[in-house]
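Open the model in your viewer and keep the selection tool at hand. The stops below say what to select next and what is there.

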Amino acid sequence: MPRDVDPRQRLADIAAATIRVARSEGTHAVTIRSVARELGGSTTLVTNYLPSRAALILNALDQGRDRWQQELAETLADLEPSAHLRAVTDWALSSTTDDPVLRTLILEIVANAAIEPVMAEALRHESTAFEAQLRTAAAASGFADPEAVADLAYLLIRGAYIASTEDPERWSDAHVREVIHSTIAAQPRA
């Protein structure tokens, strides 16, 4: 008799295995075969739920995004609106255990968006949602031109993902936050 498998738990297990592979071998090593090996089984452990490498990466990011969104909602609930943009920025730059690996997976999507339509669509969707969060936070924080400040924050945060991947010692969390916060703080308030 076949075992009952909780699909949500299986997707979470696949995401965790994807992150472990990316952490130990690099994002280029994330394949259906490598993730199945990490799970200790055949490729059908993965392909019954996710049909492609792109789906593997997007699943890992979906799991991370769900955690991130919950953390952000809890953080914003306790803050005055004037502190929202700073909190969203800190949230976007947080570095818990898996965050640096998840950022490299975001960069993998950016690198492959031109040849993977599903990645391109996911990137557009994620970017649009993140930009909306930044605009809402910038408006709540009282900036004179919240759209321009949100655009600036978006570019700085996305650039920080690349810089911290290229040179994590120079672009530490503290240094990145200092640069971004001081740049945003210099923008005029309403």
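Start by selecting helix H1 (residues 7-25) and helix H2 (residues 32-39) in this predicted model. Their axes come within 9 Å and cross at roughly 105°. Angles of 65 to 115 degrees count as roughly perpendicular, and H1 and H2 are therefore roughly perpendicular to each other.

Now show the side chains where the two helices meet. On H1, select Asp-13, Ile-14, Ala-17, Thr-18, Arg-20 and Val-21; on H2, select Ser-34, Val-35, Glu-38 and Leu-39. The residues of this contact of H1 with H2 comprise five nonpolar, two polar and three charged.

Next, turn to the aromatic rings. How many aromatic pairs does the structure hold? There are two. For one of them, select Trp-91 and Phe-130: the ring centres are 6.2 Å apart and the planes stand at 55°, so this pair is tilted. Trp-91 belongs to helix H5 (residues 84-92) and Phe-130 to helix H7 (residues 117-140), so the pair links distant parts of the chain, 39 residues apart.

Are these residues buried or exposed? Trp-91 is buried, with a relative accessible area of 13%, and Phe-130 is buried as well, at 3%.

Tyr-154 sits in helix H8 (residues 146-166), so the pair ties H7 to H8 across 24 residues of sequence. Tyr-154 counts as buried, at 15% relative accessibility. Together, Trp-91, Phe-130 and Tyr-154 form one aromatic cluster.

For the last stop, select Phe-143 and Arg-189. Arg-189 lies over the face of the Phe-143 ring, 4.1 Å from the ring centre.

Technical notes. Residues numbered from 1 in each chain as written. Predicted model: local features only at pLDDT ≥ 70, side-chain atom pairs only at ≥ 80, totals over all residues. Heavy atoms only, no water. Axes fitted to C-alpha atoms, helices over the stretch in contact; angles between N-to-C directions. Helix = DSSP H or I, 4+ residues; strand = E, 2+ residues; numbered from the N terminus. Parallel < 35°, antiparallel > 145°, perpendicular 65-115°, else oblique. Contact = heavy atoms within 4.5 Å. Nonpolar A, V, L, I, M, F, W, Y, C, P; charged D, E, K, R; others polar. Phe/Tyr/Trp six-rings, centres within 6.5 Å; stacked < 30°, edge-to-face > 60°. Buried < 20%, exposed > 50% of the residue type's maximum accessible area, 1.4 Å probe, protein only. Lys NZ or Arg CZ within 6 Å of the ring centre and 35° of its normal.
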